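The sequence and the structure are shown first.

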Amino acid sequence: MGKKRKSAKDVMLPHSAAKVAFYRSYLVKMLSIMSVTRYFNRVNIFDVFCGRGVYADGGHGSPIQAMEAIQKVREDHPSDTTFYLYLNDVVRKFVLGVKEYIEENFPKNGLCKVNYLNAPAKRLFEELVSFLEHMPKTSKNIIFIDPYGYKDIHKETLRRMMSNERTEILLFLPISF
């Protein structure tokens, strides 16, 4: 009998671990800068496909890595900058599991304001475009897109999200799709 192949939906495979490690490192660096600059007083972080957060093998996905990055920045660079973390997945039980984990492991979350969303990517992207167009110049936006499939990601939507010149997008497109 052959080995059963592990699914990226259940365990954190090496390529996923590398992506979320990169994401965490990026957030620590960017949020450290944003927390001490006088130009921004709000940072919005959007995780469009947050997934389950904690995998069966104990691996921490992007939403947990983001919370840990924010915690590190808060400890190393105390400031008045407000961080907002928007966690979305089309699978409701994933979002609820992430919420439960964050509430248990970051019980007195003074780190950031967390918003849990359960929307299809296409609808969320449409809402994000409008949201970003109305953000004040003192806000910075980071959008993390690491999808399982990418049929709802269009060049024009990405361009519109970045048109305010205060939005950065980290986009991973799997070559297997």
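Helices (H or I, at least four residues) and strands (E, at least two) are DSSP runs, numbered from the N terminus. The model is predicted: local features need pLDDT of at least 70 and side-chain atom pairs pLDDT 80 or more, while totals for chains, interfaces and linings use all residues. Residues are numbered from 1 along each chain as its sequence is written, and side-chain values use heavy atoms, leaving out hydrogens and water.

Phe94, Val95, Val98 and Ile102 are the buried residues of α3, buried being under 20% relative accessible area and exposed over 50% (1.4 Å probe, protein chains only). Seen down the helix axis, these buried residues fall within an arc of 100°, so they line one face of α3; the arc is taken from the directions from the axis to the C-beta atoms. On the other side of α3, Arg92, Lys93 and Glu104 are exposed.

## Nonpolar cores

A nonpolar core is a set of buried Ala, Val, Leu, Ile, Met, Phe, Trp, Tyr and Cys residues joined through side-chain atoms within 4.5 Å. The largest has 29 residues, and Leu27, Leu31, Ile45, Met67, Ile70 and Leu85 have the most contacts inside it. At least two residues of this core come from each of α1 (14-36), β1 (42-47), α2, β2, α3 and β4 (139-145). The most come from α1, with 7 residues. Apart from this core lies another, of 16 residues, including Leu128, Val129, Leu132 and Ile145.
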